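Student: Could you show me how to read a structural model feature by feature, with the general idea placed before the particular case?

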Amino acid sequence: MSDERFAAHDVRLFLKRDDLIHPTVPGNKWRKLAPNLRAALDAGHTTLLTFGGAYSNHLRATAAAGRMLGLATVGVVRGHELAARPLNPSLARCAADGMRLHFVTRADYRRRHEADFTDRLLHDADTDAAGRRAVRDAFRIPEGGSNSLAVQGCRALGEELRGRTDVAAVACGTGGTLAGLAAGLAPDQSALGVPVLRGGFLDGDICELQRSAFGGPRGRWRLDERFHFGGYARGGPRLEEFAADFAARHGLPPLERLYVAKLLFALTTLAGEGAFAPGSTVTAVVTGPR
């Protein structure tokens, strides 16, 4: 990208357009889901069970992948109050692709890792015996798709950027993409993660994901926690103005707001702060479309 805000500090900016990988399962969602889908099919599963919030890109991608592969999909959605409201465009797309949506309270959602969660989920669900059996035997994919299989799939992202950049940057939800990206980079490269949620919990999660995927730490990576704009799906006029301007000045389609706009805002701010060495190259991974 030719951008004077980076050029003024002798920094080159590239965009890696992972959003163009697939029309309905783009970017890091494809990289995370592909190995999980192979594992589900190889094991003979016919249903996928996964988790997410009301605007989850992961839920939408899983529903689309299930439809294309002929797999039933079940999405456990955080927020029991949403069951009585019209579906937002994201959840409506999930439903259109055949995903069965189960809305649970936030307290119950926090217990999704417990072994008997599925049994409790089905207790009050309007599902026939065959449906209950399918859900109970479903292949589980965690929130955001981030597990050891997903992290191994995202390692290819770092490998594709070997020798092409000094810093590879990605927006982070659950940390799986950053964990794999860092593992695939060369020793003289580093990965930068920009969390889009508040909380400061990702350091430990990324370390655990790398441990489960590779047996221990891999690559050089760091997080900058300053650019979440108040939390997931939060933004405001400043982010909106930046996103519209960035897309217009570079002839890009509208920036995806949940992740990509925050990432590019962060990199532009960091460049202005002198955070990148003069003469260096920074690559922003565009993980999904609007």
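Student: Which side chain makes a polar contact with the side chain of Arg78?

Tutor: In this predicted model, the partner is Glu143, whose side chain makes a polar contact of 3.3 Å with the side chain of Arg78. A further polar contact, at 3.0 Å, joins the side chain of Glu143 to that of Tyr109.

Student: Where is Glu143 placed, and what is Glu143 in contact with beyond its neighbours within four places in sequence?

Tutor: Glu143 sits in the loop between β5 (139–140) and α8 (148–160). With those neighbours left aside, Glu143 is in contact with Phe51, Gly52, His58, Arg78, Tyr109, Arg112 and Thr174. Gly52 lies 91 residues away from Glu143 along the chain, yet the C-alpha atoms of the two are separated by 5.5 Å. Because its relative accessibility is 23%, Glu143 counts as partly exposed, the cut-off for a buried residue being under 20%.

Student: How should I read a sheet, and what is the order of the strands in the open sheet of four strands?

Tutor: As a general idea, strands of a sheet pair through backbone hydrogen bonds, in either a parallel or an antiparallel sense. Here the open sheet has the order β4-β3-β2-β5, with parallel pairing. Its edge strands are β4 (100–104) and β5, each of which pairs on one side only. Strand β2 (residues 47–52) is joined to β5 by two bridges, and Leu48 has Phe139 in β5 as its bridge partner. Helix α3 lies across β2 and β3 (72–78), and runs at about 165° to β2.

Student: Which helix has an axis that comes within 8 Å of the axis of α3, and how do I describe such a pair?

Tutor: Two packed helices are described by the angle between their axes and by the distance between those axes. In this case the partner of α3 (residues 57–69) is α4 (residues 89–96), and the two axes, which come within 8 Å, cross at roughly 20°. The two helices are therefore roughly parallel to each other, since angles under 35 degrees are counted in that way. The crossing of α3 and α4 is left-handed. Leu59, Arg60 and Ala63 make the contact from α3, while Ser90, Leu91, Arg93 and Cys94 make it from α4.

Student: Why is strand β9 described as largely enclosed by the rest of the structure?

Tutor: Strand β9 (residues 281–285) is largely enclosed because five of its five residues are buried. Thr281, Thr283 and Val285 point one way from the strand, whereas Val282 and Ala284 point the other way, and all of them are buried. As for its pairing, β9 runs parallel to strand β1 (residues 12–16), with five bridges joining the two, and pairs in the parallel sense with strand β6 (residues 167–172) over three bridges. Ala284 can be followed to both of these strands, being the bridge partner of Leu15 and standing opposite Ala169.

Student: Which residues have a positive phi although they are not glycine?

Tutor: Among them are Asp10, with a phi near 55°, and Ala233, with a phi of about 65°. Asp10 is found in the loop between α1 (4–7) and β1, and Ala233 in the loop between β8 (221–223) and α11 (237–250). Asp10 counts as partly exposed because its relative accessibility is 47%, and Ala233 likewise counts as partly exposed, at 40%.

Notes. Residues numbered from 1 in each chain as written. Predicted model: local features only at pLDDT ≥ 70, side-chain atom pairs only at ≥ 80, totals over all residues. Heavy atoms only, no water. Buried < 20%, exposed > 50% of the residue type's maximum accessible area, 1.4 Å probe, protein only. Contact = heavy atoms within 4.5 Å. Polar contact = N/O pair within 3.5 Å; in protein donor to acceptor, adjacent residues only side chain to side chain. Pairing = 2+ DSSP bridges. Axes fitted to C-alpha atoms, helices over the stretch in contact; angles between N-to-C directions. Parallel < 35°, antiparallel > 145°, perpendicular 65-115°, else oblique. Left-handed = near helix turned anticlockwise from the far one by under 90°.
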